[in-house]
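Please look over the sequence and the structure shown below before reading on.

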Amino acid sequence: MTSTLLDFRGKDLMGQIQALEEIKSRKSAEGLPELYDLFIHRLNDSTIDYMVGMTLRELLADNETEAVAGLGHDHPEIQKLCIQICGQKRFAKASPLLLELLSKNADSSMLHELLVAMSQIQAPEFLEVFRNQIDSPKEHIAALAIDMAGRYKDPSVVEKLMGILEKGEADENYMICDIRTGAAIEALGHMSDDRVLEYLVSKLHYRNPTGRLMVHQVLISHGSKIIPFLSKIFEGEDVDAKIMAANLIGSIGEKSGGEVLIGAADRGLLDDPNVRYAVYEALGHIPFMKGIIFLMDGLTEKDPLILTAVLAALEPQVNPGVINKIKELLLKEDAQREPVIQAIVRSKSLKIFEQVYDEPKLAPALIDCILNVKDPSITDSFRQKLSEMTQATASQDAEKLSRVSVKKSGPRILAADDSKAMLAFYRTTLTEFGFAVATAENGRDAMEMIRRGDEFVMILTDMNMPVMDGIEFTRQARDHEGYRQTPIVMITTESESSQIKLAEHAGVNGFLTKPFTSDQLRSKIAKYIDEPV
């Protein structure tokens, strides 16, 4: 035994710590046999046992030869430790010994350790191993094998992975997205040939919402490559799929995607108001001239919610042509004037407001609209903007807004939606009803509000959102103390009975189908809670 570790068990705590620190500082492998013995026959002192393990790990991580040699140790705990080190450090010399250990070992925990190490090293000779484990009855092993088959971009497993997705949509399975299905979606996402991408696009409306969200994420990761396949969606009859295709095109933000959306409009494929709404929102993320022209044409939309989406989309792309078009429309003083003014205010389009306010005939109408809004966040935003502006009347109008008494308290409703226009609609409409409003752009952000102790009398949530969908959010909210009985209304375009069943199973109380008016929203809320006096 080395002098440093001599009589280690007989030393006091400080002596043991000093001995281990000296071993680490020397980075010498000569004490490994003694450390192996201390690791196997522990001292039952959690501090020292932990330090022995860390010292051993550090020495092995710095010595590939010893770590690989340790794979042949006769004690399984040392073998597992060396397997982990070889994987983490991606020691290539370990590959043949890992394969040898795999051929001799039937223990499932050791098998998992070996597969994890192989997944980290990713030697070409491991591919066959992962192929053979895809059908493992152990879910975690199968999921790891599926993931690695995807990372190897193995074309021979594509049919099998597609079969896993098909099975996940079956009536008896779609309620839960198991880890095999999730792994298969991600594995297919690692591949980029047209056949796989076309298949994934065909699963845009995957029956399980968690699986659907994963499909969307992997499609977005491929960027513009998926746009030709998304374009075909607009030729079909699935309204929900068209909405999702538009959302993905907006997330990708490529001009070619914008061309697809405008082409679909030119062919008369955007008749459904929810599809048009999604297209307008998407074009707000794709800055190109044809998109801006299309959005300006959208200023004639009659639906207030769609018009709000148009203004929200134009706001980041403001140019003199846009402002001139808006001014021209508002100066006509026809029936469209008031809805457009309301949309500017509801969407908090501050850039548009500032430049339209320059027109003396329009400034009073804008201010009157803001004064009639009961949403404190809108009033404060426009007051702040006016205080920064140089026009002679701006400071006076800012003072007018500062004197407005806006009710900032009341029963709180939480609204979760990834659409800025929808959140703007909720803020203005619900405050008009006398509620205070909190908004979140996805289920995860909404859940964070609940976890930190925010209290709400009701929740409105969209079904399909990025990061966390409405069904998963509802499920988690129902598991949280204090929200087991809170009314939850799901906002959706979904017509499939399976999706309604999923939402009800998660704990949703009712549904409101887009598009809807403020009166319809008020009526739905009244079914579950009393409106503030």
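In helix α18 (289-297), the buried residues are G291, I292, F294, L295 and M296, where buried means under 20% relative accessible area, exposed means over 50%, and partly exposed lies in between, with a 1.4 Å probe and protein chains only. The cover over these residues of α18 includes α16, α17, α19 and α20 (320-331); helices here are DSSP runs of H or I with at least four residues, strands are runs of E with at least two, and both are numbered from the N terminus.

This is a predicted model, in which local features need pLDDT of at least 70 and side-chain atom pairs count only at pLDDT 80 or more, while totals for chains, interfaces and linings use all residues. Residues are numbered from 1 along each chain as its sequence is written, and side-chain values use heavy atoms, with hydrogens and water left out.

Helix α17 (residues 273-283) is mostly covered, since 9 of its 11 residues are buried. Among them are N274, V275, Y277 and E281, and the elements that cover the buried residues of α17 include α15 (239-252), α16 (255-266), α18, α19 (304-314) and α26 (420-432).

## A pair of packed helices

Two packed helices are described by the angle between their axes and the distance between the axes. Helix α9 (residues 139-151) and helix α11 (residues 179-189) pack at about 5 degrees, with their axes 8 Å apart; the axes are lines fitted to C-alpha atoms, for helices over the stretch in contact, and angles run from 0 to 180 degrees between N-to-C directions. The two helices α9 and α11 are therefore roughly parallel, a term for angles under 35 degrees, whereas angles over 145 count as roughly antiparallel, 65 to 115 as roughly perpendicular and the rest as oblique.

On the α9 side, E139, H140, A142, A143, I146 and G150 meet I179, R180, A183, A184 and A187 of α11, where contact means heavy atoms within 4.5 Å.

## Nonpolar cores

A nonpolar core is a set of buried Ala, Val, Leu, Ile, Met, Phe, Trp, Tyr and Cys residues joined through side-chain atoms within 4.5 Å. The largest one has 165 residues, of which L98, F234, F353, Y426 and L521 touch the most other members. Apart from it lies another core of 25 residues, among them F456, M463, M490 and A503.

One of these, M463, is found in the loop between β3 (458-462) and α28 (470-478), and M463 is buried, with a relative accessible area of 0%. Leaving out residues up to four places away in sequence, the contacts of M463 include M490, I491, E494 and A503.

By contrast, V116, which lies in helix α7 (residues 108-121), is partly exposed at 26% relative accessibility.

How many disulfides does a search of the whole structure find? The search finds 0 disulfides, a disulfide being a pair of cysteine sulfur atoms within 2.5 Å. The sulfur of C82 is 6.3 Å from the closest cysteine sulfur, in C86, which is too far for a bond. C82 is buried, with a relative accessible area of 0%, and C369 also counts as buried, at 8%.
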